[in-house]
Number of protein chains: 2
Amino acid sequence: MTVTLRDVADLAGVSFKTVSNVINNHPHVAADTRAKVESAIERLGYRPNRSARSLRSGRTGAIGLAVPELSLAYFAELADAVITVAEERETVVLIEQTGGDPRRELEALHGARRQMTDGLLFSPLGLGNEDAGVLAVDFPLVLLGERIFDGPVDHVTMENVDAARAATEHLLAGGRRRIAVIGAHEGEVIGSAGLRLSGYRSAIEAAGIPYDDALVVDAGPWHRRNGAEAMRRLLDRGVSFDAVFALNDELALGALRVLREREFRVPEQVAIIGFDDVDEAQYSLPSLTTVDPGRREIARLAVDLLLERIQGADTRPPQQIRSHFGIVARESTDPLA
Amino acid sequence: MTVTLRDVADLAGVSFKTVSNVINNHPHVAADTRAKVESAIERLGYRPNRSARSLRSGRTGAIGLAVPELSLAYFAELADAVITVAEERETVVLIEQTGGDPRRELEALHGARRQMTDGLLFSPLGLGNEDAGVLAVDFPLVLLGERIFDGPVDHVTMENVDAARAATEHLLAGGRRRIAVIGAHEGEVIGSAGLRLSGYRSAIEAAGIPYDDALVVDAGPWHRRNGAEAMRRLLDRGVSFDAVFALNDELALGALRVLREREFRVPEQVAIIGFDDVDEAQYSLPSLTTVDPGRREIARLAVDLLLERIQGADTRPPQQIRSHFGIVARESTDPLA
DNA sequence: TCATGGGGTTACAACGTTGCTAGTCTGACC
DNA sequence: GGTCAGACTAGCAACGTTGTAACCCCATGA
């Protein structure tokens, strides 16, 4: 039924161990032996059995990716990028959705699925810096996102503060002075919300504009519906503003929807900028200016770092790596005439 | 280092095979033996080794999901649903992206990754009905989508024709008479495009409206950008229309963007309906009427069918299963006053 | 009393691979 | 000519699990 090393060996007239040597590119295999074996492999359509290989070697050739949920465009596009990079490295990706629930995030770290992978790319949402201890695990782990910074592990993240500052400066450069923020998380210091908010704050204060609480709206999860709802709350407060910095694109698109519903002209009356550069941002009306946080770069850096740790080649202390960001200017922030 | 059956057996004072029997719920294990073994398992934190189990039993406990790309919201949301259902069945999902490329789709069917899974959920895009033969594989396979209907395999799909007819009727009921179609694929008979177009056609003809080629616009891949571009082509043709049926939501959102750019009032001058009910459809402006094709139902049916085939419990001939659809009426098709 | 049967448990042999070790052979060197 | 290094190949023993078949023992019925 299934073709094994032994079958190949019989056909090639060598021992099955020699076939194994050929497959694993051992040195000291004579060229003609290698040729014989390879043609036998070809003839029989031999494929190494991954379970047997894993059992013996302790490697699975797979990595895990734990994210909140694929329905969020950012994570879907991140997963896309991770899978694509991993494929180039002959590695498969096993996706787990945690829903941002701390309990399920812990399970992603310690659950039974870990056995099926050699390491994990972990993007927590429910766990925070106070949980950094749980990251002390005995398998290769690369942390993504901005929920935890004090963990004893490699961490690939984006330049949240600098990028948020740049986003805010982009609005300021367009002549805006009263810039609202959508998507804050009350009291959060680190975490995407806290970091981006602090970037915002440093930009406006550098421009001599005082920070105004009334312009900052909390939102729960960063879905469109929460962006819409937050914008409604902001409008209902009756404060005036001429720009909005939504802390991610989904929030921005939800907020944009409400702005236009209430017949604000965007960008003439209100400019809006998002964060993430999801594909969709190009196709809203107006198209959405946003921050490209370097998603593909993050995927590449994270996968490569994880694979190096798995191979044991990399024995450096835990790394903190940041991707490069850029402002993608589109219609939603066209400067005032 | 790792805890094995033997360690548990030693602690419990039984043979390692008895431990195996306990774990696999074999009948004929005395209650007190079971208790002893279970407490030993607990004490040592024993976890069965999946590679060893796979090697011996031939089962991996994983299924594959091959889709064009996760960046397309429909597939991201489908993957979300599949992973969620599979998790409830203690099964992990291994996602492969084919990019809709026939070569990579074939690889998904025959490639090395198949070894890591017990079966495959396969949503082709590049392969068509003429390739049905390649689906004759020796592992459990459940086909998704509407590219291939003549395959010798289980197939879970949506009611494309009926749903498209209902979508068109929804527009007709709103008083629209000149309904354009965006996203056709020239000459396609089956496939989502072909089927949905034929549903459209049967609806308008039943309403006594002749089919007009000038109203039907081709588009390549169903991305926003193609929807936008197709809408531009349609407008450039100079034909008049009072409604648009976009064959999926992404096309609809791209088209909507162009309509509003060109200052059409939606839905007053032009109504638009999509297909898929992606999350985003609720947050566009105007919100997008669409067809809910029963994505969660598809995921559940497909996973359960695949798992039954894997267990060998299901020996029926290949099944054709269809999910239930519904029209989700939103602002973009508000009826004419 | 002895065969019978079945509950409960166990020994043994795989599953297909790789790490380690040991071997054989050739050619070069002193 | 003998020794030795190095190139090349092979044998054995795991890795941790499950299927098969066998075992023991006690209760039952003849």
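A:Asp304 is partly exposed, with a relative accessible area of 22% (partly exposed lies between buried, under 20% relative accessible area, and exposed, over 50%; 1.4 Å probe, protein chains only). A:Asp304 forms a salt bridge with A:Arg89, and the closest N and O atoms are 2.7 Å apart (a salt bridge is a side-chain nitrogen of Lys or Arg within 4 Å of a carboxyl oxygen of Asp or Glu). A:Arg89 lies in the loop between helix H5 (73-88) and strand E2 (92-97) of chain A, and A:Asp304 in helix H11 (residues 295-311) of chain A, so the pair ties together parts that are 215 residues apart in sequence. Helices (H or I, at least four residues) and strands (E, at least two) are DSSP runs, numbered from the N terminus. A:Arg89 is also partly exposed, at a relative accessible area of 31%.

The model is predicted: local features need pLDDT of at least 70, side-chain atom pairs count only at pLDDT 80 or more, and totals for chains, interfaces and linings use all residues. Residues are numbered from 1 along each chain as its sequence is written, chains are lettered from A and ligands numbered from 1 in the order in which they are written, and side-chain values use heavy atoms, with hydrogens and water left out.

Over all chains, the salt-bridge count comes to 48. In chain B, B:Glu250 pairs with B:Arg224 in a salt bridge, with the closest N and O atoms 3.4 Å apart. B:Glu250 lies in helix H10 (residues 249-261) and B:Arg224 in helix H9 (residues 224-237) of chain B, so the pair ties together parts that are 26 residues apart in sequence. Both B:Glu250 and B:Arg224 are buried. A salt bridge also joins B:Arg232 to B:Glu261, the closest N and O atoms being 3.8 Å apart. This pair likewise links helix H9 of chain B with helix H10 of chain B, across 29 residues. B:Arg232 is partly exposed, with a relative accessible area of 32%. B:Glu261 counts as partly exposed at 33%.

Helix H5 (residues 73-88) of chain B has 16 residues, which should span 22 Å at 1.5 Å a residue; its end C-alpha atoms are 23 Å apart, which agrees. The expected span is 1.5 Å times one less than the number of residues. Of the 16 residues of H5(B), 13 are buried, so this helix is largely enclosed by the rest of the structure. Just after H5(B), B:Glu90 takes a positive phi of about 55°.

The two chains meet through 49 residues of chain A and 49 residues of chain B (contact means heavy atoms within 4.5 Å). The area buried between them is about 4,300 Å², of which carbon and sulfur atoms give 51%. Buried area is the accessible area (1.4 Å probe) that two parts lose on being put together, summed over both. In chain A, A:Gln115, A:Arg257 and A:Tyr283 lose the most area to chain B, together 17% of what that side buries.

Across this interface there are 10 salt bridges. One is between B:Arg225 and A:Asp279, with the closest N and O atoms 3.7 Å apart. H5(A) gives the most to the side of chain A that touches chain B, with seven residues. A network of salt bridges links residues of both chains, including A:Arg224, A:Glu250, A:Asp279, B:Arg225 and B:Glu280.
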